[in-house]
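I opened my notebook to look up a few things in this structure and write them down in plain words. Follow along with the structure beside you.

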Amino acid sequence: MNDRNNALQAADHCVKCGLCLPHCPTYRLYADEADSPRGRIALAEGLLRGLLSPDANLREHLDRCLLCRACEVHCPSGVRFSRIIDAARNELGPSEAPPSLDHPLARLGLALARHLPLPGQRARLARALPGGGSTPAPGHYPPSSTPHSRLGLLTGCVTRIQQTGALQAAIHLLNALGHEVVISAAAACCGALAAHHGDRATAARQTDTLRQAFDGLDGVIAIASGCALQLHEALPKLGAEDLITRLARELPDSDLRIASLNARIALHTPCTLANGLRRGDDLPRLMRCLPETDWQPLGRPGDCCGAAGMHLLTRLAQAERLRQPLLDQLLRERPALLLTSNIGCALHLAEGAQAHGLEIEVLHPVELLARQLEED
Ligand code: SF4
Ligand code: SF4
């Protein structure tokens, strides 16, 4: 069955009950049926059946969707909303900014923006996270003892520039847990940005590259939950997992000791982890490895921060409105650290915190765990 028929079959399961509506961030923001899951399903169905023309209005309502999947979690009929919206966006074709950052010039632009005092929101985003050293080089990173598995580590198109410290920390902790880590020079973008912006051909090319790069390993780890979700769905045979899920499963029962930390922490669970992968409990479980540490959830798990793939660049006003309640909470509670496990959320929240003059360190949880790991 092709994607269009798959999507139409998924849309058939919608009984128009509206139970998803209160959980949809864009419906809460715009109070417009066309910006609700139910309304978008009707629009997508009309488009895919050739009953509606692909005009600017229709595109606008479909483009505003964050693909946060809160509607999927709360739908009693199990409607696979993401399948429907991806097929509709593919029908419309690519929109807005180029979705892929998997190009040498795009990466060079990001790298330059980190170090030059350029104006503008894109440059502020590029500088939002502190640099953590160099990107780990392609190769094999063995543990000190005989490895009990070989895991590929996806360095990602943005993460490899913006979250090098998290990549290094991931290697450190996975090695400490006895895994050999393999970084492939060929593996770059997971394809999520292209897939969700109507460019299925690019997404297919990117996932095919990943399939070849990680073939024969015992599993693949992504440190960004958005990338983990894409790998999990596009390449199910790779055994891809989010790093948080892997650590939450192995770290609590391991011999590793993590030192406590005397600091207030805000813990943000990305919608890709909570709704997409349905692993929202993994992050709090992992935090319990940090003894006697004062952490509080930021927002409600699964509520989108507004970053939503490229929305933090292409739909800035909407992204900022969705982010504001989280910034208000940070301004009230004044934690010293903010932990989040998706690169888009980290950039978006860090940039907002800086714009509000809030002094806060934004880290991937693995960076804090590696920092607190007690070495023998
Ligand atoms: S998507 Fe699910 S919850 Fe929303 S209206 Fe359709 S059946 Fe109801
Ligand atoms: S994916 Fe998120 S933004 Fe899109 S319709 Fe569902 S709940 Fe609303």
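**Entry 1: around ligand 2**

I began with ligand 2 and found 13 residues surrounding it, the closest being C24, P37, C65, C68 and C71. I kept in mind that I was reading a predicted model.

Which helices did I find each supplying at least two residues of this shell? They are α2 (25-30), α3 (37-48) and α5 (70-74).

I then sorted the shell around ligand 2 by class and noted 10 nonpolar residues, one polar residue and two charged residues.

**Entry 2: around ligand 1**

Next I turned to ligand 1, which is surrounded by 13 residues. I wrote down C14, C17, C20, R38 and C75 as the closest to ligand 1.

How does the shell around ligand 1 divide by class? I found nine nonpolar, two polar and two charged residues there.

**Entry 3: helix α1 and its partners**

I looked up how helix α1 (residues 3-12) packs with helix α6 (residues 81-92), and found an angle of about 140° with the axes 8 Å apart. Because of that angle, α1 is oblique to α6. I also noted the hand of this crossing: α1 passes α6 in a left-handed way.

I then checked α1 with α3, whose axes come within 10 Å and cross at roughly 140°. Are α1 and α3 parallel or oblique to each other? I wrote down oblique. Their crossing is left-handed.

**Entry 4: the sheet of five strands**

I moved on to the strands and traced an open sheet of five, in the order β1-β3-β2-β4-β5. I noted that its pairing is mixed.

Which strands are at the edges? I found β1 (139-141) and β5 (240-242) there, each pairing on one side only. The twist in this sheet averages 30° from one strand to the next.

Then I followed strand β2 (residues 149-154) to strand β3 (residues 179-183): they run parallel, and four bridges join them. I picked out R150, and its bridge partner in β3 is E180. I also found S149 standing opposite H179 in β3.

I checked β2 against strand β4 (residues 219-222) as well, and four bridges join this parallel pair. Here I wrote down G152, with V220 as its bridge partner in β4.

**Entry 5: the sheet of four strands**

I found another open sheet, made of four strands in the order β7-β6-β8-β9, with parallel pairing. Why is one side of β7 (294-297) and of β9 left without a neighbour in the sheet? Both stand at the edges and each has a single partner strand, so one side stays without a neighbour. I noted a twist that averages 25° from one strand to the next.

I looked inside the sheet next. Strand β6 (residues 264-268) runs parallel to strand β8 (residues 337-340), and four bridges join the two. Which residue of β8 is the bridge partner of A266? I found L338. I also noted H268, which stands opposite T340 in β8.

On to strand β9 (residues 361-363): three bridges join it to β8, and the two run parallel. I saw L339 standing opposite L363 in β9. To get from β8 to β9, I followed the chain through helix α19 (residues 343-355), and this β-α-β crossover is right-handed.

I needed the cut-off here, because angles of 65 to 115 degrees count as roughly perpendicular.

Is the crossing of α18 and α19 left-handed or right-handed? I wrote down right-handed.

Key. Residues are numbered from 1 along each chain as its sequence is written. Chains are lettered from A and ligands numbered from 1 in the order in which they are written. This is a predicted model: local features need pLDDT of at least 70, side-chain atom pairs count only at pLDDT 80 or more; totals for chains, interfaces and linings use all residues. A residue is near a molecule or strand if its C-beta atom, placed from the backbone, lies within 6 Å of it. Ala, Val, Leu, Ile, Met, Phe, Trp, Tyr, Cys and Pro count as nonpolar, Asp, Glu, Lys and Arg as charged, and the others, Gly among them, as polar. Two strands pair if DSSP finds at least two bridges between them. A crossover is right-handed if, with the strands pointing away from the viewer, the path from the first strand over the helix to the second runs clockwise. Axes are lines fitted to C-alpha atoms, for helices over the stretch in contact, and angles run from 0 to 180 degrees between N-to-C directions. Angles under 35 degrees count as roughly parallel, over 145 as roughly antiparallel, 65 to 115 as roughly perpendicular and the rest as oblique. A crossing is left-handed if the near helix is turned anticlockwise from the far one by less than a right angle, and right-handed if clockwise.
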